[in-house]
Amino acid sequence: MSSPKVLVASDLDRTLIYSAAALALPLPDERAPRLLCVEVYESKPLSYMTETAAALLAELGELGDEALFVPTTTRTRQQYRRIQLPGPAPKFAICANGGHLLVDGASDPDWHAQVTERLAGECAPLAEVRDHMTATADPAWVRKHRVAEDLFAYVVVERELLPEDWVKELAVWAENRGWTVSLQGRKIYAVPKPLTKSAAMHEIARRTGADLTLAAGDSLLDADLLLAADRGWRPGHGELADVGWTAPGITSLPERGVAAGERILREFLREVRSAREAR
């Protein structure tokens, strides 16, 4: 493929797309923005963007000779494929927190083999982590135990019943075994430290010859992606905002909820246009 000058790697959930519970609409109902459903699950609408954000994303996707948009998510491949993003189908996508690099919708087997080999050599096995989470979590507040793509584990919880200390204790236990813990909405993830979105982003930049990388994300699992990019943005909500996380080259936006997704896409387009003018 021709080499794009700018690679745009963005997290999806609570960064570009939002569930009804995460929309954070502060305006009166009659002034709320029009929304576009971009995901249906079990015949019910699940995720949304504003119509304005959808148009901005479609515009970004049309700049194929100048910019390459790469959806970047912790979702499994199956979960990712439920999403119908506006604009052209992305050439590349990053799923399972970097465990799968999709090329034209299919997982690159060589990349996945490299990832699994690295995990086997650098951190405790998935089975040990999964068993610990199962043994220590209380069924009173756990609704589901899940393993994603045989790469990482997560639990779905009732947040109002979740003991705060459990997450902290799990994080300390996991840290000593080469794993990271992230609380996102009702899900608590345990992810191997070598399993990163940033590594997959770097691989796509290498393949495409991109000379500028942009990124956005809201959670702890996005921090490495933001740090690896030349410029990054985080919304005013999420794990990173809750702890006031920032770093050089990172812009902390004031917008929260679905409005943040719209702002992030405006920032992406502004940077792509600036790069065009600088050439």
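Predicted model: local features only at pLDDT ≥ 70, side-chain atom pairs only at ≥ 80, totals over all residues.
In strand β7, H100 is the bridge partner of C95.

Strand β6 covers residues 92-95, and strand β7 covers residues 100-103. The two strands run in the antiparallel sense and are joined over four bridges. Together, β6 and β7 form a hairpin, with four residues lying between them. In that turn, A96 has a positive phi of about 55 degrees.

Which way do the side chains of β6 point? F92 and I94 point one way from the strand, while A93 and C95 point the other way. In a regular strand, side chains alternate between the two faces of the sheet. In β6, the residues F92, A93, I94 and C95 are all buried.

The chain contains nine helices and 15 strands. Its C-alpha atoms fill a box of roughly 55 × 50 × 40 Å along the principal axes. Because a compact globule of 279 residues would have a radius of gyration near 19 Å, the value of 18 Å for this chain agrees with that expectation.

Of the contacts with a separation of 6 or more, 60% are between residues 24 or more positions apart.

Finally, the surface and the charges may be considered. The chain exposes about 13000 Å², of which carbon and sulfur atoms supply 49%. There are 33 positive and 40 negative side chains, and the centres of these two sets lie 2 Å apart.

Notes. Residues numbered from 1 in each chain as written. Heavy atoms only, no water. Rg over C-alpha atoms; globule rule 2.2 N^0.38 Å. Contact = heavy atoms within 4.5 Å. Areas by Shrake-Rupley, 256 points an atom, 1.4 Å probe, with all protein chains shown as cover. Lys, Arg positive; Asp, Glu negative; His and termini not counted. Charge placed at Lys NZ, Arg CZ, Asp CG, Glu CD. Buried < 20%, exposed > 50% of the residue type's maximum accessible area, 1.4 Å probe, protein only. Pairing = 2+ DSSP bridges.
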